[in-house]
Amino acid sequence: MHDDIPLTVGRAVRVLRERILPAVHAQRVPLEVEFHELPGEPIAPADGLRLDFHPFEVGSSWGAAWGTTWFRVRGTVPAEWSGRRVEALVDLGFDVNLTGFQCEGLVYLPDGSPVKSLNPRNQWVRIADVASGGEPVEFFIEAASNPVVLDVAAFPAGQPFLPTQQGDIRTSSPRRLYTTRCFDLAVFEAEAFELALDLEVLIELQAELADSGPRRMRILQTLDDALDLLDLQDVPGTAAAARAALAPALASPAEASAHEISAVGHAHIDSAWLWPVRETIRKVARTTSSMTDLIGETDEFVYGMSSAQQYAWIKQHRPEVYEKVRTAVAEGRFLPLGGMWVESDTVMPTGEAIARQFLYGQRFFEEEFGIRSKGVWLPDSFGYSPALPQLIRRAGFEWFFTQKISWNQVNRFPHHTFAWEGIDGSRVFSHFPPMDTYNSRLAGAEIARATRQFREARLANGSIAPVGFGDGGGGTTREMTGIAKRLADLEGSARVRWEHPDAFFDRAKQQLPQPPVWVGELYLELHRATLTSQHKTKQGNRRSEHLLIEAELWAASATFWTGADYPYDEVDALWRQVLLQQFHDILPGTSIAWVHREAVEQYARVIAAAEALIRRSIAALSGGETELVFNPAPIPQHGVPALGAGRPARSGASARATPADGGYVLENELVRVVITAEGLIASAVDLATGRDAIPAGAEANLLQLHPDFPAMWDAWDVDRYYRNRVDDLRAVESLTIEQASDGVSVVVSRRFSRSAVTQRITLRGGSRALEFAQTTDWRETEKFLKVAFPLALHAEHTAAETQFGYAKRVTHTNTSWEAAKFETAMHRFVHVGEPGFGVALTTDSTYGYDVTRDSTPRQGVTTTVRLSLLRAPRFPDPETDQGEQTHRYAFVIGADIAEATAAGLAMNLPLRAGGGTDAGAGPARWEPATIAPVVEVSDGILVSAVKLAADRSGDLVVRLYEPHGRRATGWLRFARAVTAVAPASLIEDDDGTLEPVTLVDGREVALSLTPFEVRTLRVTL
């Protein structure tokens, strides 16, 4: 009877939890434990094994926050256990809901061999498959007492975040955090373990079947029959009989039309998040030890891990673990995925940085393992740039995988397997797993969800399941591999098989030769505040990227002209550091205080080192000339040619200020700007057209302060309701004028709440840009600071720079998809225009902006653009952005897209004073000259990078792109004759599919680029 269903299920669940699972390790004896708490940072395992150990009582506490404790564990296998499988059980004080978010351990043998990790869902260590009885037992545990700063059990409806000082070793508690529960030897009862998995699979399967369907009813009867045969006082002795009763239900094959799930073991180890990079290195070692151990215990299981950086860490810090990984990779069981240095953010990094993510990732995999990844694996990044499809394809990848868009707050993404089209028209075959997780445990609900939700089921029948505990590591468990075996061919369930994602994508492409197409960015309707949180981290990223591009340019130029050695090792090391910090919980500003403190320190080191490289190269190029300036931008600046050097022209143009109504009118030969007594912009007139960019009665440069308390994810989110209240910051403490030879500045000081801000507003001669240099003493809590520019423009869209181009976004909210984009991303500029007139906002470190429309009878439609400057969330870092912050941005009056692009480049790649005391050969003449190896003379084509090839062949690599969204033809001319030019991918090779290149007279290459096209050329000198 159907009324008996709850009784049957309840009985099965209770017997499983209270009798069968405890019976798996029912026979136990205690082990002897000693310990040594380290006073500071972790030490090498070889040193840990040689420590002096002291007696430790099980049930005692251990481990201050971020500490390391070494345990030595010893014992003897009882003689009566001869012939049995024996395991050690260790509970360091685990909470089973927090795998990867609390204490963990890595087990070592006395000879230093790594065994496997210990974590809340993996508390056992194999001692002997078949014990002799009487043999001694000894092993060591390197245990990390990482503090719990997140309540995972509160997901998804609860509030898991509370402000904490535990997020930095400098402020964390010295008290011991964990209390041990057991260090035991135990007999492993295999039949009880297998019975537990049989029951778990059937209990979860029946819950997903139709209430009164025959399959469910027969499973329920089978459960009753099996439990009737089980003696609860002798589970190991009667488990086989109970399993025999369950066997028919588990042997019934799946339907011919069943969904097929391609499972891949997974752990998604965040390269930093609620733990510092230092701890991630150990997390990777722990997880990979367990996964190679699980590979050795299974026949079909495969484990996939992305991020070349994580492989490099274990190679450097845990070589004994790395050898196990290398062996498993060679066997095809451990799968390097993704082809990137880390699973980076893809919205904020420059195009060159994305190219280097691919370059350094794929080169590492090829050099270490002889393979390249065929796809990009980014399950957890916070949205995906519309430039990414082209970059993926031009790096030689065939597919793209993510899961994160399933987190959308409002709109459900309409596809799971589809072609994703970018801003240039490139398409990449893509997949989202319909089970909506990258931490699957192959639960019945997950399997059913994948089948139920799969959007392309009319034509295709498969999806991917990343299986294992993730974020903080842990990976796949033996329970999961046991479940997968039972789900390989089971009636009522999708079929599950372990396989490489490449095999899935090959099959999916055959099933969907004409997949549905999604055009444009994959916007995540969540985590929008990641464009603003931790401003110094973002500022360091922007500056580091541009300095490294510049360092490569001048180093390649010095090699080209003077034969100077190219600093391969230094450049590679600096890029790898920047790429690491582009990880999707570092650059977005969503990690603990320790992570961001170290990021800012690392950026300072990168910037100093890059500046030193630049000075060394330009000294070699200038031959000691001290009056030269160098232009690293691919556009002319102040009389200095693109990628060139010279003495800047003195135009004589300047700007003047006239007092007016307590404020000032700033004017040069191009624009006239009215600044009010409150330091706001009341008018910004383009003198050539007479157009005023500011609506009558409106004022720009208005700082606005919002309350900012999102529903859940503090550092990640800004929720729409933040706009319901705003304070306009109009009060002025002082307003003064400063005249310089090339321009004039108004300096405005304000105080508000607990903070203060000073703006230097500058207009220079010959410039359309009104420049802002802002310093803020930020002392707010849970507030959001923006600066508003209302514009007298009927703009249908904005154009915000992204990698190698720009993304158009409509300014209206006609649909829920458009309304959800109330905070969006930009790089160096956002342009707003109507036919014949436009303006741009350029920035040196700001990534977030928003746009709204208004309409009045007098003005018609107007558009307001606001830059997002600072936030003050309290989790994970309770002191986010507190203290002095600096911003530079500019308001470019009367700008089209080309002028906006140039203004953004000029702000981020400014002229540099050259020369030095080191005499170098230098070019032969010093009128203004392009001194890079290339002379780009065609309008509408920009040089993005000039460098030497990463393979150290001495070849030159030149990358170009079309930035304005229109077709461009022209040429690239070299500064002197070269031997050959060949097309190359973003990772600097040629797979035979790239556009051919013709070299004319050894000096010139003709170019024809489609809108936003990126081209890479490899030049033999």
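**Entry 1: D708 and R871**

I count a salt bridge when a side-chain nitrogen of Lys or Arg is within 4 Å of a carboxyl oxygen of Asp or Glu. D708 sits in the loop between β30 (702-707) and β31 (727-728) and R871 in strand β43 (residues 860-871), so the pair ties together parts 163 residues apart in sequence. I checked burial too: D708 and R871 are both buried. Buried is under 20% relative accessible area, exposed over 50%, partly exposed in between (1.4 Å probe, protein chains only). Helices (H or I, at least four residues) and strands (E, at least two) are DSSP runs, numbered from the N terminus.

I note that this is a predicted model: local features need pLDDT of at least 70, side-chain atom pairs count only at pLDDT 80 or more, and totals for chains, interfaces and linings use all residues. Residues are numbered from 1 along each chain as its sequence is written, and side-chain values use heavy atoms, with hydrogens and water left out.

**Entry 2: other salt bridges**

I got a count of 88 salt bridges by this rule. R278 pairs with E41, closest N and O atoms 3.0 Å apart. R278 is in helix α6 (residues 277-297), while E41 is in the loop between β2 (32-37) and α2 (45-49), 237 residues away. R278 is buried at 14% relative accessibility; E41 is partly exposed at 41%. I then traced a network of salt bridges that links E41, E104, E142, R278, E279, R282, K283, R286 and R318.

Next I looked at D436, which forms a salt bridge with R412, the closest N and O atoms being 3.6 Å apart. D436 lies in the loop between β19 (427-431) and α11 (444-453), and R412 in the loop between β17 (399-401) and β18 (417-421), 24 residues apart. D436 is partly exposed at 23%, and R412 is partly exposed at 44%.

**Entry 3: second largest pocket**

I found about 1200 Å³ of space in the second largest pocket. Of its 32 lining residues, H638, R764, G765, S767 and E771 are the closest to the centre. A pocket here is an open set of points on a 1 Å grid over the protein atoms alone, where a 1.4 Å probe fits, with protein on both sides within 12 Å along at least five of seven lines; lining residues have an atom within 4 Å of a point. The volume is the space filled by probe spheres set on the points, which are joined across faces, edges and corners.

β35 (769-778), β44 (883-893) and α18 (897-908) each give two or more residues to the lining. α18 has the largest share, 5 residues.
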